[in-house]
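Please read the sequence alongside the structure shown below. The text then goes through the core, a helix pair and the contact of the chains.

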Amino acid sequence: MFRKHHFIKISLTFLITTLFYLHSFAQNWDIPDDKKTKNANFKFTNQTISEGEAIYTKNCMSCHGNLGKDNSLKTLNPIPPDLASVKTQERTDGELFFIITTGRMLMPSFKVILSEEERWKLTSYIRSLNKKYVQIVSETNTSKSNLIKIKMDFDSLTNKLKVDVKANETSGVVSLKDAEVMLFVLRYFGKLQIDKTVRTNNEGIATFNFPKDLPGDKTGNVDLVVKVSDEIYGEVETQSKFKAGIPTDKPSLTEKRAIWNVLKKAPIWIIITYTSIVLIVGAVLLYIIYSLMKLRKLGNN
Amino acid sequence: MSEKEEKPKKKSRRDFLQNIGLVGVGSVFAGSAILAGIKYDKKKTPGARIKVLTAENELLEIDKNDTTKVKITKAEDLTLLQKEGREGIAGKRWVMVVDLSKCKNARKCMSACQNAHHLRPEQHHINVLKMQEGKNTAPFYMAKPCQHCDNPPCVAVCPVDATFKRPDGIVLIDNERCIGCRFCIAACPYSARVFNWATPVLEEEDKNKTYNVELNVPQRKGTISKCLFSADMLREGKMPYCVSACPNGVYYFGDENEDAVTNGTTKETVRLKKLLEENAGYRLMPELGTEPRVYYLPPKNRTAPFQEKDKSEAEEHLDNNKD
């Protein structure tokens with residue numbers, strides 16, 4: 001009897017420990033050490049905080065709730081923390097930046113959706129309620145990103161887009177090797193990523209396969225955005241128009257004649273039937289009046 | 001008298017000129033005073049008075065010169081709002097995709113919608129239904145907004161042109177025209193419309209607001225209300241209230257002409273055709289020929305199970321096909 005109890009106890013303890021371990025495992029973010037120490041290369045100001053707040057409202061609030069109000073959505077598993085909480089604030093800027101960038105489980109990745117600068121501004125907003133927080137500004141040279149020159153070239157025959165990334169160093173023009181390049185097309189609510197994220201080759205060139213069936217504007221123009229991120233030079237984005245899409249000029253949805261449309265766009269059969277009914281009824285009435293008048297004349301005679 | 005008569009004769013030319021000057025200046029002053037008086041009198045003539053009706057419905061007479069034209073902002077201009085509401089946004093064909101595999105019944109879409117459109121708690125522009133289609137099939141949650149049909153039966157039956165379809169696909173209601181006949185409620189196969197039977201919740205607060213046809217606020221007792229695809233938000237380039245409030249990534253919203261939809265939670269943009277093709281997207285009751293603008297992705301590979309407490313409600317749908 002005792003042994004049986006003992007066995008149950010042991011197995012229960014084992015189960016609980018396993019579950020707890022799994023639970024805590026689920027709560028852990030696997031953040032590489034070099035990412036933990038990463039810092040923003042600009043100072044967090046009221047300006048960056050208010051810009052970060054706008055980004056927060058749009059992208060984070062539906063799950064994390066209002067900052068510092070502890071009203072995050074508790075029905076989710078794992079529960080998204082209030083980002084002003086002590087646990088989150090104990091993390092380094094680099095850790096917060098990494099979490100926003102990669103995401104995990106329910107938390108989406110914002111690598112494609114937000115630029116590096118926007119992700120740092122978001123971090124500045126998350127820090128805004130923490131009075132003890134002292135920012136460490138990265139000492140990397142920020143002006144380096146200004147040296148990058150991006151050249152886009154679209155080949156309409158092969159439907160390929162070539163992106164040439166160079167840096168105008170004082171020693172001469174250098175090709176950016178192994179830099180991460182992403183290509184987007186601007187759409188009404190966001191950026192649509194084209195092809196995969198590629199890295200530049202030794203000549204600093206990245207090639208993208210552009211889809212043949214992507215709708216453009218009336219003349220087929222599309223707004224393309226190229227985002228280049230490099231370890232040394234930072235992140236740069238450029239936008240330009242190319243005739244790479246299919247010319248699209250679809251008629252409005254109220255163009256067709258239909259029973260639900262306005263009077264001018266009523267179906268022909270309705271117009272014909274209605275008008276002929278009105279005319280026939282009118283004619284009959286006139287005929288009756290004419291006949292009555294004739295009858296009266298006959299009576300008078 | 002003789003002395004007096006003599007005096008003027010003694011006056012020198014200088015004196016004479018001095019007097020003339022005084023008289024001149026005096027008469028200029030007097031003249032301008034008279035002129036001002038006439039002007040003031042003119043103002044008071046009854047012809048220049050106009051009748052105005054105050055906000056309190058009181059008819060007053062007021063001098064025309066005392067009136068100033070009231071400058072109104074766009075948000076206060078009913079005619080402009082109605083005109084814009086009918087025109088829509090050029091070149092767009094709005095489309096919504098609801099991914100049923102991600103819905104966990106968080107009901108955030110419903111509360112965001114009710115807050116935005118000032119709805120009573122029992123009124124829903126969007127409703128998360130508990131569905132079970134067959135005895136042996138799995139129950140699932142299904143969010144159901146207005147389907148914004150391309151062949152809308154509700155618009156066809158409206159006798160006063162209060163509900164209409166816009167060039168960008170949205171079906172809207174103009175409560176300034178609605179007579180509350182409820183034909184559209186009877187015509188809609190998706191039960192998307194609600195009627196304001198009771199006094200709207202924020203009636204007092206909304207009393208002085210100009211009616212915005214793209215938001216349907218203020219709500220008015222005795223008129224229809226329904227999902228508007230948040231037409232006011234789309235104008236600002238933002239996604240609808242329900243779409244951006246969802247914590248589970250259920251909704252995609254976008255423009256069919258651009259062949260792109262954006263997820264409200266993750267903000268990821270994907271191609272509409274590809275999304276529908278890869279996930280076997282479908283529409284509700286296609287056999288009716290209503291051509292809805294809302295697409296559904298089937299509830300497969302769900303991340304969260306259907307909750308036990310909702311099962312009985314889902315089973316209610318089975319009563320009709322008992323055999």
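Which residues have the most contacts inside the largest nonpolar core? In this predicted model, they are B:Val97, B:Cys109, B:Cys242, B:Tyr251 and B:Val261, and the core has 103 residues. Domain 2 (31–126) and domain 3 (142–242) of chain A both contribute residues to this core, so the core lies between them. In soluble globular proteins, nonpolar side chains tend to be buried together.

B:Val261 shows what such a position touches. Apart from its neighbours within four places in sequence, B:Val261 is in contact with B:Val95, B:Val97, B:Tyr252, B:Phe253, B:Gly254, B:Val270, B:Leu272 and B:Leu275.

Next comes a pair of helices in chain A. The axes of helix 3 (residues 46–59) and helix 7 (residues 116–126) of chain A come within 7 Å, crossing at roughly 100°. Angles of 65 to 115 degrees count as roughly perpendicular, so helix 3 of chain A is roughly perpendicular to helix 7 of chain A. Residues of helix 3 of chain A that take part include A:Ile49, A:Gly52 and A:Tyr56, and those of helix 7 of chain A include A:Lys121, A:Leu122 and A:Tyr125. By type, the residues of this helix contact are five nonpolar, three polar and four charged.

Technical notes: Residues numbered from 1 in each chain as written. Chains lettered and ligands numbered in written order. Predicted model: local features only at pLDDT ≥ 70, side-chain atom pairs only at ≥ 80, totals over all residues. Core = buried A, V, L, I, M, F, W, Y, C linked by C-beta atoms within 7 Å. Buried ≥ 20, exposed ≤ 12 C-beta atoms within 10 Å, placed from the backbone. Domains from an automatic or database assignment. Contact = placed C-beta atoms within 7 Å. Axes fitted to C-alpha atoms, helices over the stretch in contact; angles between N-to-C directions. Helix = DSSP H or I, 4+ residues; strand = E, 2+ residues; numbered from the N terminus. Parallel < 35°, antiparallel > 145°, perpendicular 65-115°, else oblique. Nonpolar A, V, L, I, M, F, W, Y, C, P; charged D, E, K, R; others polar.
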